[in-house]
Amino acid sequence: MKQLRGRLKAKKLKPTGALASYHLEPLDPWLMCGPDTTVTELWKVRERRERDIQYHLVYFDRYGWYCEHGAGCKAVAEVRRVVRATSANGTRPKSSGKARARKRK
Ligand SMILES: [Zn+2]
């Protein structure tokens, strides 16, 4: 019988490190970029990863979706996913859900 020498170390693999969570807020492209803009969608994305928070601005115009960090930014995929989901419902998420939890007495 073969004996395993030493102990096999139980390596715990973290799946992707910290999971990022995204908070998306639709902005008005006309207000942000002016009336001549070709941008039809503008989203502010807050990416939270443990204690790090990163902001993205994601645009949509005739060239397609892109982030201020480039078209390959993760926030682009996130916004597209949400926009697809919400446009299927015909509704957009509320511009800010932060103050919604307030209870009146
Ligand atoms: Zn970005």
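Let me start with a definition: two strands pair if DSSP finds at least two bridges between them. Strands here are DSSP runs of E, at least two residues long, and helices are runs of H or I of at least four, numbered from the N terminus.

Hi everyone, a quick word on what we are looking at. This is a predicted model, so local features need pLDDT of at least 70, side-chain atom pairs count only at pLDDT 80 or more, and totals for chains, interfaces and linings use all residues. Residues are numbered from 1 along each chain as its sequence is written.

Let's begin with the strands. β1, residues 20–27, pairs antiparallel with β2 through eight bridges, and Y22 has E47 of β2 as its bridge partner. β2 and β3 also run antiparallel, joined by nine bridges, with L42 opposite Y59 in β3.

Now, what is the phi of E50 in the β2–β3 hairpin? It is positive, near 50°, and the hairpin has two residues between its strands.

On to the core. The largest nonpolar core has 10 residues, including W43, V58 and V79; such a core is a set of buried Ala, Val, Leu, Ile, Met, Phe, Trp, Tyr and Cys residues joined through C-beta atoms within 7 Å. β2 (41–49), β3 (52–61) and α2 (74–89) each supply at least two of its residues.

Finally, A77 sits in helix α2. A77 is partly exposed because it has 14 C-beta neighbours inside 10 Å. Thanks, all!

Conventions:
A residue is buried if 20 or more other C-beta atoms lie within 10 Å of its own, exposed if 12 or fewer, and partly exposed in between; C-beta atoms are placed from the backbone.
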